[in-house]
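These are notes for a colleague who is about to look through the model in detail. Please read the numbered points alongside the sequence and the coordinates.

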Amino acid sequence: LGVRTTRNLSTMIFSLFTHSISLSPEGFVLCGAVVFTALVGWIAFALFLVDANKAKALPGFAKPLKPILGYVLAKPPKTPKVRVVEGHDKIALSWTCPSSSVWNDDYYEVQTGATDERVQKQIGSEFLRSYFGKSGAYTVSKLAQGHGLKFRVRCVNQSGKGSWSPVLFAKTTHVPEDCGGREEGYLWNQTKDTVDITIDVPRTATNRSIRIDVKPRSIFCSCEDEVLLEGELFKSVKATGVVAYTWELESLEDGSKVLKIELEKMIKPQKRKDLWPKLLEGGLEFDLQLMKWRSEWDDDYVHVMRSEAMMRERGRQNYAQQPDPSKWSLNSFIT
């Protein structure tokens, strides 16, 4: 209805304009007055309808007025809320920013900066514009592993520029090996239940020279007074029981030795996104999307859910088989 009304009104105004060329001065003034009255009525009806319904979007017949009325009725933009997703070769931004007025014509500006101060000096600025448009997402691709960038986003419309979002720091992840990764001096992997760590140790290492201390959120490992691994774990592990973790010193064919430690997770992941992206806080982060999630891990989760559902169903059946207290009689107590 709105689109049809707009077309009919536009046709009428154009028709009056073409006929006014051949009219007398009085007729020309009359046609001008009709056109002006129609435009004022159009604007007034649009303003009344939008205000009365507190519309979240402009109706169809009012959209042609937006380029003109937007400069008068637009309100200052709000600050976007930005979310970052990091991959091994890209960083993806997405944001939401509720419009402060239906008359706003909102655009978004993204500025990107390097975390390295030397690069900032070379380009002569902390931030550079990398995107300007209406989309609510922006992706930087073809990045090296471990490459860090910082971003900020703001909304711009007819009434001016909004405030910048808080500066977001992001770094590309690394390509994993199976479900873990290799870092300097050690290799780690994980299953649904455990975290396995393989540490390079000196050839002279013995069981007595190895010292391991595992707590729910930290690990320490040394050999002959040399610290091999130390830091805060990404998530909690079981470290209160007698056999909360196991370790073994293994000799390889080339004469070198490695220390293997197995930790048991406190919380078992149910989906790929629940896996550990890194072993230690502050360590290398690996791309969860490239980790090899096993199909049998889904089967375990389904089995647990089915078992819990069966237990709930048995509970309901046992409750239904109990006698109704409201139907008890004296004979029931006697028998």
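1. In the largest nonpolar core, which has 31 residues, Ile197 and Leu279 touch the most other members. A nonpolar core here is a set of buried Ala, Val, Leu, Ile, Met, Phe, Trp, Tyr and Cys residues joined through side-chain atoms within 4.5 Å, where buried means under 20% relative accessible area, exposed over 50% and partly exposed in between (1.4 Å probe, protein chains only). At least two residues of this core come from each of strand 10 (186-190), strand 11 (194-201), strand 12 (210-215), strand 13 (218-223), strand 14 (226-232) and strand 16 (257-264), and strand 11 gives the largest share, four residues.

2. The model is a predicted one, in which local features need pLDDT of at least 70 and side-chain atom pairs count only at pLDDT 80 or more, while totals for chains, interfaces and linings use all residues. Residues are numbered from 1 along each chain as its sequence is written, and side-chain values use heavy atoms, with hydrogens and water left out. Helices (H or I, at least four residues) and strands (E, at least two) are DSSP runs numbered from the N terminus.

3. Leaving aside neighbours within four places in sequence, Leu279 is in contact (heavy atoms within 4.5 Å) with Tyr186, Trp188, Val195, Ile197, Leu229, Glu232, Leu233 and Phe234. A second, separate core has 15 residues, among them Tyr131, Val140, Leu143 and Cys155.

4. Gln111, in strand 3 (residues 107-114), counts as buried because its relative accessibility is 11%. Its side chain makes a polar contact of 3.1 Å with that of Glu109 and another of 2.8 Å with that of Arg152; a polar contact is a pair of N or O atoms within 3.5 Å, of which, within protein, one must be able to donate a hydrogen and the other to accept it, and residues adjacent in sequence count only if both atoms are side-chain atoms. Beyond four places in sequence, the contacts of Gln111 include Phe127, Leu128, Lys150 and Trp164.

5. Is Thr173 buried or exposed? With a relative accessible area of 2%, Thr173 is buried, and its place is the loop between strand 8 (168-171) and strand 9 (181-183). A polar atom of the Thr173 side chain lies 3.0 Å from the backbone nitrogen of His88, and the contacts of Thr173 beyond four places in sequence also include Gln145, Gly146 and Phe286.

6. Val119, in helix 4 (residues 117-123), counts as partly exposed, because its relative accessibility is 32%.
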